[in-house]
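Here is a short report on one structure. It covers a sheet and a pair of helices.

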Amino acid sequence: MSQLVSLANHGPVAVITIDNPPVNALSPGVPEGLASCIETAKADPAVEAIVIIGGGRTFVAGADINEFAKSISAGKGGGPDLTPLFTAIEDSPKPVVVAIHGAALGGGLELAMAAHYRIAVPDAQVGLPEANLGIVPGAGGTQRLPRLVGLAKAAEMIVSGQIVKAPAALELGLLDRMIEGDLLPGAVAFAQETAAKRPLPRTRERVVETDAAGLAAARDLARKTRRNQTAPVMALEALEAAGTLPFAEGLKKERELSAKSLTSEQASALIHAFIAERAVAKIPDLPKDTAPYPLHKAAIIGAGTMGGGIAMALANAGIDVRIKDTTQEALDRGLVTVRRNYSNSVAKGRFPQEVMDQRMALIHPQLDYAGFEEADIVIEAAFESMAVKKQLFAEIDKVAKPDCVLATNTSTLDIDEIASVTSRPEMVIGTHFFSPAHVMRLVEIVRGKATGKRVIATAMALAKTLRKVGVLVGNSMGFVGNRMMFPYMREAQFLVEEGATPAQVDRALNNFGMAMGIFAVDDMGGIDLNWRVQQEYAHLVKPGIRQPLMLRKLFEMGRYGQKTGRGWYVYDENRKAAPDPEVEALIERTAKDAGIERRQITDEEIIERCIYIMINEGARILEEGHASRASDIDAIYFSGYGFPAYRGGPMWYADTVGLRKIYDKIEEFHQKHGELWAPAPLLKRFALEGRTFAGWDEVREGKAA
Ligand code: 3HC
């Protein structure tokens, strides 16, 4: 018998425990172990009922995603066929009870649905999140879920990948009972209670009502929330089969669709994204046992959009936070926004008023540094100016306790220069949150040359506590995200000077899968802010190199973007953007004055120029060591910059296009457009050697051939 699965009899109840840390995935050995234990229990005359339970922190989080990744990279596709095992469970003449704590996801829930009964503790969660990985459930999920919760709800759950909490699952009929108290004795008692009941409830024997309206609603949901994604659409095909075909045929159809989905580029990319998002926590030169400083109390400087958002993120995680600004007015304005954001959440039913009150009670506005000496971390979120930040860090240095982490939320400025005004540069680090900070998942954690390892570990731990994706990056201009964004934005502006319109560029980027077009992003972030950042770096621009012309003009016209109702676009009172003929005329005039001949620009050129320039910068970042691995850059881009996760992130996307193809195109643009397109040395080398960015780790560590 496999060690991953064990069997112990509790009187007449056989308890099968799956023990495959960390999340009891159905890795090789687990299905075999389960099959063997089921057979033993079935054959044992002393056993009247069977319980399947998870050891450790959870029930079963699904098929083993790492195995999927391995099989995809070996060009095999396909996953383990769990159908025979689940059929054997459903066929069992003795009742099988699945007892859930933690989560039953994907194959975990499919296993549970094949059992005769499902019971769970109140904080358990269930769902079929396969669409997040670009795949169609492949072990009966699309056939059994509609039999339990109806076709419309099943379709909604599968398309959205929604995770349902136990009380709601009970109401839906997905669970049979909630177990208050200890799960194992509760499960054994439940099994004894139901041992003699016949007929055994078999999910596959239930009837699915066809529901054209429910399926149409799910199709609509897929179109809106999973734009360009193929797996949800294929899952709907399998769900439709649940309503029209007998169970066995529906299962066969699902299996075909699931296998097909696993061979798609989107599945590879989304599985890569899942793994990349977790790999960020593994920092090559940070020993795993590096203890973070304890973090209970925080202080923030600046009650603006960023400061207020960070305060909310901290308070949401139960951290006590002081927030300081220089004037009562600024402080009041900041707190009004925080309160409004929380009230909106309460109004939308995200959490009750008491939760809002608890969170508000954790946020203490103030005008001085009182109590800052107790803070475990101070996060500066003031105006983006080196002079301002230096002044503030000199002040913080005087009040903060010796082991307080001194963090700056700068999005572009030099951490070392900021640290240089303190007596303890080893305690200084960048925590670059993204706006709105209580919503956006990304935090770039910027290490300066003196930043201590415990300080890095503390910032990483903070990101985890806030349930954010914390990615460690180096201290280069714009760090990783903005450093790649600058050339991307610059290229987009060149494209409009040469003949495209902002709307055409944004549409092409949108169709590629970017959450927002670059000009819409600029209008949202503020053209004034963008212009100010450009000025901080104006001295770095080499003379004679082409620079975009429009940003200055829009800035000088006071067209700051959404906040002034006009920017690249014009906005109505609901902040809906429309192309502005005035801007388009100005672009044409500006191009003419500069002697730029406008021409027809294809969407293909837009994508190549915007995305490849970003990739080229990513290659430089990688080679300079400002990101630990290519997948960290990907994680930054899909969690903070709206890059489509189904393309894996810019570096993964580059690998899928092929570095040789990208390099050749960049070389062509280099000839046509000049120095800004000089290929990154690493890209050139990898392209010529036939390598991929994903293989960078091995090359860097000298392990590659
Ligand atoms: N396979 C392999 N490893 C998994 C895994 C899985 N299904 N789910 C999680 N892990 C690993 C993570 O990679 C991570 O490893 P690490 O410690 O080495 O980084 C570890 O488990 C802990 O995961 P998290 O950091 O995500 O821990 P959380 O507590 O935040 O979340 C979770 C736990 C809710 C289970 C979350 O990990 C999750 O959502 N997992 C994915 C669930 C999923 O998508 N299941 C479907 C799989 S596909 C499938 O089942 C196909 C079927 O139809 C046949």
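An open sheet of 6 strands runs in the order β1-β2-β3-β4-β6-β9, with mixed pairing. Strands pair if DSSP finds at least two bridges between them. Strands (E, at least two residues) and helices (H or I, at least four) are DSSP runs, numbered from the N terminus. The edge strands, β1 and β9, each pair on one side only.

This is a predicted model: local features need pLDDT of at least 70, side-chain atom pairs count only at pLDDT 80 or more, and totals for chains, interfaces and linings use all residues. Residues are numbered from 1 along each chain as its sequence is written, and side-chain values use heavy atoms, without hydrogens and water.

| β1 | 5–10 |
| β9 | 177–178 |

Val51 stands opposite Val97 in β4. Helix α4 (residues 107–114) packs on the sheet and touches β2, β3, β4 and β6. Contact means heavy atoms within 4.5 Å. The direction of α4 makes about 145 degrees with that of β4.

Now the helix pair. The axes of α28 (residues 659–673) and α29 (residues 681–689) come within 8 Å and cross at roughly 130 degrees. Axes are lines fitted to C-alpha atoms, for helices over the stretch in contact, and angles run from 0 to 180 degrees between N-to-C directions. Which residues of α28 and α29 make the contact? α28 gives Leu659, Arg660, Ile662, Tyr663 and Ile666, while α29 gives Leu683, Lys684, Phe686, Ala687 and Leu688.
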